[in-house]
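Hi,

Here is the structure I promised to pass on to you. Have a look at it first, and then read my notes below.

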Amino acid sequence: MRLIECKGLSKSYGSKQALKQVDLTLDAGTPIALVGPNGAGKTTLFSLLCGYITPTSGEVSLLGHKPGDAALLGRMASLPQDATLDPNFDILTQLVLFGTLQGLSKKEAKLEALRVLSLVDLADCASQKPKSLSHGMAKRVAIAQSLIGSPEIVLLDEPTAGLDPANAKKIRELVRELSGKTTFIISSHNLDELEKLCGQVLYLELGQLTQSVSMDDNQQSQFLTLTMQQCDSEKLLDGVMGLADINSIEKKQHNEFLIKHNSEEDYAIESALFTLFKQNSWQYKAILKGRTLEDKLFS
């Protein structure tokens, strides 16, 4: 069964068309990224998937059901970017309520609330009210809420926005840890973060799905992305082109280069590069197999 399927999905607000004829099929597996400029239609797509709004035309289904269908209760969840908790009730009380709304008994809901709080390392904060939590802690509680009942699909809108590096790392690790049972669809502008987490990237622009990029496609093996600490760029370009099995090298941005080769052994190219660096006393920062997500989307 398909995880999510959209056929000709469109949404208009008066004369403004926010989403235009989106055709999309997603299967369960590694996290999926949804990216695009502000106003591209990402929030509209999430709202349609959640059943908050209805399409102007087209069809959409999740796990074989229409958005908002009772059959999806406990099977899919969503975390809006600006989700907040009620400041008047403690964390545990609120999460227990959300659990009972999914059909759990109060006892089951309490156990489940404590389980998801443990997942985000906040079980000891269960009795606190939201106003006593830092921004990062509140964000982690909101993510815990979306995990109640171990849903099969979780939509996350900017899950690490505004978080310090330590809290952002915890969220990434949690998503990675749970990806075996839950498929996360993450809307974010943080391409570096998405590149670390996601196996597929969807790109929306002006309401249209313009690209669907696999981070593991076969062409990845033809490329190396080289980032240097310091070097003579022109001399590096000439030196790399002088190596065996090199098709091209292109400077992408400051001290970052994309190398295309036809060698069947990546380590042979890397070994030749290391020799070149040593001969010229150049220092490299990283060698990445394949192309960066930024390069894939915008080159």
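Let me start with a term you will meet several times: a crossing of two helices is called left-handed if the near helix is turned anticlockwise from the far one by less than a right angle, and right-handed if clockwise. Helices (H or I, at least four residues) and strands (E, at least two) are DSSP runs, numbered from the N terminus.

A word on the origin: this is a predicted model, in which local features need pLDDT of at least 70 and side-chain atom pairs count only at pLDDT 80 or more, while totals for chains, interfaces and linings use all residues. Residues are numbered from 1 along each chain as its sequence is written, and side-chain values use heavy atoms, with hydrogens and water left out.

**Two domains**

The domain assignment divides the protein chain into domain 1 (2-214) and domain 2 (220-298); such bounds come from an automatic or database domain assignment. Taken over C-alpha atoms, the centres of domain 1 and domain 2 are 37 Å apart. Nine residues from domain 1 and eight residues from domain 2 form the contact, where contact means heavy atoms within 4.5 Å.

Which residue of S7 is the bridge partner of Leu34? Look for Ser187.

Axes here are lines fitted to C-alpha atoms, for helices over the stretch in contact, and angles run from 0 to 180 degrees between N-to-C directions.

Two packed helices are described by the angle between their axes and the distance between the axes. H4 and helix H5 (residues 165-178) pack at about 15°, with axes 10 Å apart. This makes H4 roughly parallel to H5; the cut-offs are under 35 degrees for roughly parallel, over 145 for roughly antiparallel, 65 to 115 for roughly perpendicular, and the rest is oblique. H4 and H5 cross in the right-handed way. On the H4 side the contact uses Gly136, Arg140 and Ile143, and on the H5 side Asn167, Lys170, Ile171 and Leu174. By class, these residues are three nonpolar, two polar and two charged. (Ala, Val, Leu, Ile, Met, Phe, Trp, Tyr, Cys and Pro count as nonpolar, Asp, Glu, Lys and Arg as charged, and the others, Gly among them, as polar.)

Helix H2 (residues 91-101) packs against helix H3 (residues 106-119) at about 120°, with axes 8 Å apart. H2 and H3 are therefore oblique to each other, and their crossing is right-handed. The contact of H2 with H3 contains nine nonpolar, two polar and two charged residues.

**The four-stranded sheet**

A further open sheet has four strands, ordered S11-S12-S10-S13, with antiparallel pairing. Strand S11 (246-253) and strand S13 (283-289) are its edge strands, each pairing on one side only. S11 pairs with strand S12 (residues 256-261) in the antiparallel sense over six bridges, and Glu250 has Leu258 in S12 as its bridge partner.

Helix H7 lies across strand S10 (223-230), S11 and S12, at about 160° to S11. Helix H8 packs on the sheet too, touching S10, S11, S12 and S13, and its direction makes about 170° with that of S13.

How do these helices meet? H7 (residues 233-241) and H8 (residues 266-280) pack at about 140°, with axes 11 Å apart, which makes H7 oblique to H8. Lys235, Leu236, Gly239 and Val240 in H7 meet Leu273, Leu276, Phe277 and Asn280 in H8.

Enjoy exploring it!

Notes. Two strands pair if DSSP finds at least two bridges between them.
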